[in-house]
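I opened my notebook for a friendly walk through this one, jotting entries as I went. Here is the thing I was looking at.

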Amino acid sequence: MQAAAPNIPNDRTVDLKKVYDAIVVGSGAAGGMAAYVLASAGMKTLLLEAGRRIDTTEELKSTEWPYEHPRRGEMPPDRHALTLNEYTFRKPPYAERLKANHAHSYVQGWGGSDYSKNIVVDEKDHPYTGTNYAWVRARCLGGKTNIWGRLALRLSDYDFKAASRDGYGEDWPIEYKDVEKYYDKVDLLLGISGVKENLPYLPDSIFQRPIRLNDPEVHLRNTLSKMGRTLTPYRAGVTTDGVKNKYRMRCYGRGACNRRAGGCDIHAAFDSPTGLIFPAFETGNLTIRTNATVSEVLVDTNTGKARGVAFVDTVTAKSYEAKAKVVVLAASTLESARLMLLSKSRLYPNGIGNSSGHVGHNFCEHVMGPNVTALVKDKDGAKRTLDDGRPGGFYIPRFRNLSERNPKFIRGYGFEGGSGVTMLPDSVFDTPGFGKDYKKGVRDYAGAMISLGGFGEVLPRYENYVDLDPDVKDRWGISVLRFHYKFGDNEKKMCEDMADAAQEMMEAAGFTEISLRRSLLTEGWSIHELGVARMGTDPKKSVLNQFQQSHDVKNLFVVDGSSHVNAACQNPTWTIMALAWRSCDYLADEFKKGNL
Amino acid sequence: MAKSEDERRGDVEAGRREANATSGVGRREMMKLAAGAVIAPALPQTGQKNSRRPAKAQNKAHRFFTPDEFAMVDELSELIIPTDEHSPGARAAKVAEYIDRRLAESFGDEPKLQWREGLKLVDQISAEMNGRPFMQASQDQRVAVLSRMARKESNPEKPEEKFFVELKSRVARAYYTSKTGIHDELEYKGNTYLREFAGVDVSKG
């Protein structure tokens, strides 16, 4: 068994008179990493988390059978999970006029949702306005890392230097060799499972024991290899051989990794509390206050530097200030931008760090929607096999716009997919009719499907942005974000190609198409929002330098996904952590030299 | 492996505490939740002890359905997922009992109304087609009623067609999340400790 969480003192005992070396706002992938690196470097660090602390070891119950749960894993009846239709036909704030007492984002919508209901926010307390957007937020220690999808990929110079390659947008102020060492450090500290493929556009990690593929997946891998494409076992941010961390166990292939809004109660899958925050706490340099919703970065009017933050205790609704020599924002992409925009002062009338006017802009993410499910004929009615218990199925890296240039769209997309039996197979809901035929259909098809779903790069555009709503406030009286965000023509054309390519690959493998989805899912569906405070060399066109340090305020850093210059098409968590580590190394160094 | 009575009570009470802590809970909702907590201990456990109870005593345990409604739902569930040569069906998996429990605690009256009205429709259609209520019709006649309701499953229009979709989805979810559905019918092999993942390691060539 893994060690119990350390005894973190009560929120009210946190010393707010003291001037900390650094305040970190947010405790997910970025904030956890910042706390870990700064505390390890000897800096007295205060970590503020808006949500409460949840013991996920107890909460997630990933090995519980559905029939052991009073509602078979579903949420209590007074809670509602938003559906695709609600995101499509209604306008934010989605929880408005909803009868249920509590409303959650769509990730709570399928089975298993009762286990993560306390991790994702109640939309009634956390509204937003503007254009349609499925904004999934987790306010608790560790944030979304408690339930993330675990796909852990690297970016390459195809992404960092994408603008030089195709002329669109801006290059990142870094290249792969600047961040490679930090990807390695993240791999070794946290553990990652995968297979080396030697692809220049999807660099390999330092992998632990890989996930295995079932027969249809191996067949598709071999088919794609002849087409010059790669299907590789899911690169999971999961330790399969173990890491030196007493709070985490190695993956033992049990548990509900397939459960919608997953989570790992043995912490083999990376989560920020066990992977980063508890080890940071053990240095003796980290102070943690949960239930602390930061509402503003405070400014020293003499120096123009950040002097701390204002926050609301969400239990008592009382307001406080915390003081520090350096402020690090890691509140999640959109929340960090919101915080910068909220921090208006005489010195920074457009919000702190926003002399460029780019905070909130160049908002990008991944587009989802195109999806093909096919039947593997020799698995139809076959004897039941054990295909479950894996942290993921497979990943097909991008194959567009690498050496050739697609005439219809720029950039690329990848696919996630899988085959095999799951505990509650789709055939339960997809098989028509009733009676013996229905029952047999469910049984025969339960392990016979293979599916592919795409994730494509959404181009960063200045005109896709968030700002503060002048009227609407959240439960704590803080102005909410207003979205001005739409997919563009490039995404639509890319998705047409995505659906065609998925069909083509299934056909080539000899699988029979059962269902095809061509349309785009609502903006936000990938839960990969990025951009909005991008890095760059030109302070007029970017918010941060290559170390995620504000061009305007040298003791302000923004180390989460908001700093990304483009979204690439790879899942961002591993890159967020590698960049945060790199920037916090720099920060600690500059701090010691007295440069901040 | 069902939850013990104490655990189950704990769940209800936890839900109540949570509701108390939320400012948005209206008085009516609070009373409903409180009522749920009082009824909970009277719930029969799935499995062992209660299975030998006489039918009359069992009827008392239904929380939402009347005895007649319950018998109908039980029969409909078995028609949708029957016992076959492979495994027991919905009746053995106590699907109707689970649906009854979930409907009793549903938020707002809409689902309850839909089921009450839906079951009346089943009887009406049976009367129309067979000249007698559903439960008095023959097996073939019952199947005919359900077939008519299931005609437009992918695009239901009439109330009885919509009710079929609701009925089937609740029955299917209840059955395939039951012990019978997972272990006997689908013979699911996962949720077990593995030293190594199942399948082929493609890193080894």
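**Entry 1: confidence**

I began by reminding myself that this is a predicted model. For the complex, the predictor reports an ipTM of 0.93 and a pTM of 0.91. I then looked up chain B, where the pLDDT averages 78 and 70% of the residues score at least 70. Residues 1–59 of chain B have a pLDDT below 50, although this stretch has 46 contacts in the model beyond near neighbours in sequence.

**Entry 2: chain B**

What does the secondary structure of chain B come to? I found nine helices and zero strands. Read from the N terminus on, the elements go α-α-α-α-α-α-α-α-α. Chain B has 205 residues, and 29% of them count as buried. I also checked the contacts in chain B between residues at least 6 apart in sequence: 51% of these join residues at least 24 apart.

E5(A) runs parallel to strand E16 (residues 479–484) of chain A, and two bridges join them. Within this pairing, Thr129(A) stands opposite Arg482(A) of E16(A). E15(A) and E16(A), on the other hand, pair in the antiparallel sense over five bridges. One residue pair I noted there is Lys473(A) with its bridge partner Ser479(A) in E16(A).

E15(A) and E16(A) form a hairpin with five residues between the strands, and Gly477(A) takes a positive phi near 80° in this hairpin.

**Entry 3: Thr131(A)**

I stopped at Thr131(A), in the loop between E5 and helix H4 (157–160) of chain A. Is Thr131(A) buried or exposed, or something in between? I put Thr131(A) down as partly exposed, because 15 other C-beta atoms lie within 10 Å, whereas a buried residue would need 20 or more.

Leaving out residues up to four places away in sequence, Thr131(A) touches Phe483(A), His484(A), Tyr485(A) and Lys486(A). I looked up Pro93(A) as well: Thr131(A) and Pro93(A) are 38 residues apart in sequence and 9.7 Å apart in space, C-alpha to C-alpha.

**Entry 4: a six-stranded sheet in chain A**

Next I followed an open sheet of six strands in chain A, ordered E6-E12-E13-E14-E11-E17, with antiparallel pairing. Strand E6 (232–233) and strand E17 (512–517) of chain A are the edge strands. Strand E11 (residues 366–375) of chain A is joined to E17(A) by five bridges. Ala374(A), for one, has Glu513(A) in E17(A) as its bridge partner.

Which helix packs on this sheet? I found helix H12 (residues 489–509) of chain A, touching E11, strand E13 (413–419), strand E14 (449–457) and E17 of chain A. The direction of H12 makes about 20° with that of E11(A).

**Entry 5: the core**

The largest nonpolar core has 215 residues, and those that touch the most other members are Ile23(A), Val25(A), Met33(A), Ala34(A), Ala35(A) and Val328(A). Helix H13 (residues 573–593) of chain A gives the largest share of this core, 11 residues.

Apart from residues up to four places away in sequence, Ala35(A) touches Val24(A), Thr45(A), Leu47(A), Leu276(A), Ile277(A), Ala280(A) and Leu286(A).

**Entry 6: where the chains meet**

Last, I turned to the contact, which takes 47 residues from chain A and 48 residues from chain B. On the side of chain A that touches chain B, helix H7 (215–226), helix H10 (427–430) and helix H11 (436–445) each supply at least two residues. H11(A) provides the largest share of that side, four residues. The residues of this side of chain A divide into 24 nonpolar, seven polar and 16 charged.

Methods
Residues are numbered from 1 along each chain as its sequence is written. Chains are lettered from A and ligands numbered from 1 in the order in which they are written. This is a predicted model: local features need pLDDT of at least 70, side-chain atom pairs count only at pLDDT 80 or more; totals for chains, interfaces and linings use all residues. Two strands pair if DSSP finds at least two bridges between them. Two residues are in contact if their C-beta atoms, placed from the backbone, lie within 7 Å. Ala, Val, Leu, Ile, Met, Phe, Trp, Tyr, Cys and Pro count as nonpolar, Asp, Glu, Lys and Arg as charged, and the others, Gly among them, as polar. A nonpolar core is a set of buried Ala, Val, Leu, Ile, Met, Phe, Trp, Tyr and Cys residues joined through C-beta atoms within 7 Å. A residue is buried if 20 or more other C-beta atoms lie within 10 Å of its own, exposed if 12 or fewer, and partly exposed in between; C-beta atoms are placed from the backbone. Axes are lines fitted to C-alpha atoms, for helices over the stretch in contact, and angles run from 0 to 180 degrees between N-to-C directions. pLDDT is the predictor's confidence in each residue, from 0 to 100.
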